[in-house]
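Here are my notes on this one, jotted down as I went through it. Have the structure open while you read.

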Amino acid sequence: MKRLKSGNIGIWIVILPIAIGSAYGIARYLTLRSEKQMSAHLKTASLEELKTLSEKRDWDPETLYSYGMKLLDNGQNAEAVKALRRSCKLNPNSGTAFGALGLALARSDRPSDAEVILKHALELEPNSEFVNFTLGNLY
């Protein structure tokens with residue numbers, strides 16, 4: 001086995017952190033790029049695609065939100081409530097997700113539950129026209 005000279009170790013002490021940092025930077029760039037691509041895909045995906053994605057990415061509130069909204073568009077309100085409730089649980093600061101959950105509850109003939117959720121959505125996003133409109137339609 002070839003022994004390293006003490007001068008070579010100094011080079012590795014300098015180069016190794018740079019190499020590790022570069023690898024991390026490249027991985028982070030690829031992750032961000034793929035997340036942007038996924039976000040764009042969620043807007044145009046079919047109900048079947050979103051169902052599959054929501055099962056694979058059950059940790060992602062954006063995927064669950066998109067799936068819940070697509071279910072709402074298709075009149076599947078009870079299923080939408082489940083997906084949107086999970087999205088809200090994963091992202092408790094999203095007034096948009098809580099507003100969508102409130103709408104799903106209202107369409108599921110649960111106006112008292114919808115009112116509580118929509119009021120919470122207003123606390124998170126007081127200027128949301130969507131939430132204000134949906135809440136106004138309850139009365």
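1. D109 is exposed, at 68% relative accessible area, since anything over 50% counts as exposed. Keep in mind that this is a predicted model. You'll find D109 in the loop between helix 5 and helix 6.

2. The backbone at D109 deserves a look too: its phi is near 60°, a positive value in a residue that isn't glycine. For background, most residues other than glycine have a negative phi.

3. Now the inside. The largest nonpolar core has 27 residues, and L84 and L101 have the most contacts within it. At least two residues of this core come from each of helix 2 (47-56), helix 3 (61-73), helix 4 (77-90), helix 5 (95-107), helix 6 (111-124) and helix 7 (129-138). Helix 5 gives the most, with seven residues.

4. What does L84 touch, leaving aside neighbours within four places in sequence? The partners are L64, Y65, G68, M69, L72, A100, L101 and A104.

5. How do helix 3 and helix 4 run relative to each other? Their axes come within 8 Å and cross at roughly 160°. Angles over 145 degrees count as roughly antiparallel, so that is what this pair is. Helix 3 passes helix 4 in a left-handed crossing.

6. As for the residues at that contact, helix 3 brings P61, L64, Y65, Y67, G68, M69, L71 and L72, while helix 4 brings N77, E79, A80, A83, L84, R86, S87 and L90. Sorted by class, the contact has eleven nonpolar, three polar and two charged residues.

Terms used
Residues numbered from 1 in each chain as written. Predicted model: local features only at pLDDT ≥ 70, side-chain atom pairs only at ≥ 80, totals over all residues. Heavy atoms only, no water. Core = buried A, V, L, I, M, F, W, Y, C linked by side-chain atoms within 4.5 Å. Buried < 20%, exposed > 50% of the residue type's maximum accessible area, 1.4 Å probe, protein only. Helix = DSSP H or I, 4+ residues; strand = E, 2+ residues; numbered from the N terminus. Contact = heavy atoms within 4.5 Å. Axes fitted to C-alpha atoms, helices over the stretch in contact; angles between N-to-C directions. Parallel < 35°, antiparallel > 145°, perpendicular 65-115°, else oblique. Left-handed = near helix turned anticlockwise from the far one by under 90°. Nonpolar A, V, L, I, M, F, W, Y, C, P; charged D, E, K, R; others polar.
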